[in-house]
Amino acid sequence: MRAGPQIPDEIEDYRDARWRREATQQVDNAYAAERFIEEVGFAACMTDVRRPGPSLYVAVCGRRDAVMSRNVQKDPEASLTWVLKDELIKRGKVYYAKLAKGKAMFLAPRMIPYFHALWGMRRAEEKRQLSKAAQAILRVLRREWEMATIDLRQDSGVKDRAKFNRAMDELQAAMIVIPSEVCYLPKFTYIWTLGVGRFPDALRKRVSRDTGVREIARCFLDGAGMTLPGELARVTGLSRPEAGLGNRALVAEGYATMRVPGVYQLTGPSVSS
């Protein structure tokens with residue numbers, strides 16, 4: 001079997017610096033985590049070296065080869081990442097939700113319009129695209145604005161846990177509902193709210209789908225230096241054909257070069273230096 005394209009050492013070094021995969025740039029507090037997310041534009045929460053793209057967990061570890069322990073509760077770096085995630089949700093300065101394909105991601109506010117252009121749902125589409133359970137939950141949240149999981153299940157009538165969780169995943173993926181706080185006493189629960197309450201300007205900004213795809217591709221390439229076949233799609237949840245369109249749009253404007261089909265590199269001296 002022929003080996004696929006490999007990431008050159010200089011690109012790995014570039015990613016180390018941009019994605020905080022260096023011990024000198026470790027993330028260890030909420031302020032540093034917010035700054036990291038703003039710099040990279042979007043990042044996964046708890047992924048490790050086995051998945052491409054920027055990750056808060058890897059930035060907390062500060063090393064390229066970070067692998068999460070199977071026993072997450074005894075992994076101090078995973079525990080810190082989880083604590084930081086909860087703090088970031090409460091502070092509300094970056095967007096956090098389960099987005100496309102159930103990926104838990106952080107978005108810098110500047111990237112919200114582009115993700116919303118691809119996966120957001122307009123109010124006129126809700127009755128046609130959302131399940132009955134999701135619509136019931138949304139009616140309650142629009143009336144109460146903010147509610148804990150247990151109260152939301154009760155008031156919406158969606159009392160089956162699995163059905164409720166699927167509906168909440170729908171609402172998060174459509175960029176309608178986000179968690180606003182995490183509580184652990186008397187027992188663990190999320191507090192849920194409408195995303196537009198925290199990020200009204202970003203979620204109301206109209207952006208075309210083509211622009212959204214191009215700017216997400218640009219954001220990833222800025223941090224990655226180079227993208228291999230399928231990498232952008234795997235990180236963001238885009239389809240591979242659409243990810244390719246985004247990368248080719250960057251080539252057309254001179255922002256990137258196509259080294260071989262499917263491999264795109266950021267133009268300029270900063271990547272190779």
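Author: Let's start with residue classes: Ala, Val, Leu, Ile, Met, Phe, Trp, Tyr, Cys and Pro count as nonpolar, Asp, Glu, Lys and Arg as charged, and the others, Gly among them, as polar. By that scheme, the lining of the second largest pocket splits into nine nonpolar, two polar and seven charged residues. A bit of housekeeping: this is a predicted model, where local features need pLDDT of at least 70, side-chain atom pairs count only at pLDDT 80 or more, and totals for chains, interfaces and linings use all residues. Numbering runs from 1 along each chain as its sequence is written, and side-chain values use heavy atoms, with hydrogens and water left out.

Reader: What makes something a pocket and something else a cavity?

Author: On a 1 Å grid over the protein atoms alone, a cavity is a set of points where a 1.4 Å probe fits but cannot get out, while a pocket is an open set with protein on both sides within 12 Å along at least five of seven lines; lining residues have an atom within 4 Å of a point. Volume is the space filled by probe spheres set on the points, which are joined across faces, edges and corners. The second largest pocket comes to about 420 Å³. Of its 18 lining residues, His116, Met121, Arg142, Val196 and Leu203 are the closest to the centre.

Reader: Why is His116 called buried?

Author: Buried means under 20% relative accessible area (exposed is over 50%, partly exposed in between; 1.4 Å probe, protein chains only). His116 has 10% relative accessibility, so it counts as buried. His116 sits in helix 5, residues 112-119; helices (H or I, at least four residues) and strands (E, at least two) are DSSP runs, numbered from the N terminus. Helix 5 also gives the most to the lining of the second largest pocket, with three residues.

Reader: And which residues lie nearest the centre of the largest pocket?

Author: Thr149, Asn165, Phe188, Tyr190 and Trp192, out of 18 lining residues. That pocket holds about 560 Å³ of space, and helix 9 (161-173) gives the most to its lining, with six residues. The lining divides into nine nonpolar, four polar and five charged residues.

Reader: How do you know that Tyr96 and Phe106 form a tilted pair?

Author: Rings of Phe, Tyr and Trp (its six-membered ring) pair if their centres lie within 6.5 Å; planes under 30 degrees apart are stacked, over 60 edge-to-face, the rest tilted. Tyr96 and Phe106 are 4.8 Å centre to centre with 45 degrees between the planes, hence tilted. Tyr96 lies in strand 2 and Phe106 in strand 3 (residues 104-107), so the pair ties together parts 10 residues apart in sequence. Tyr190 and Trp192 make another tilted pair, at 5.3 Å and 50 degrees. Tyr190, at 17% relative accessible area, is buried, and so is Trp192, at 6%.

Reader: What makes a nonpolar core, and which residues have the most contacts inside the largest one?

Author: A core is a set of buried Ala, Val, Leu, Ile, Met, Phe, Trp, Tyr and Cys residues joined through side-chain atoms within 4.5 Å. The largest has 79 residues, and Phe42, Tyr95 and Phe115 have the most contacts inside it. A second, separate core of six residues includes Tyr57, Val58, Met68 and Ala78.
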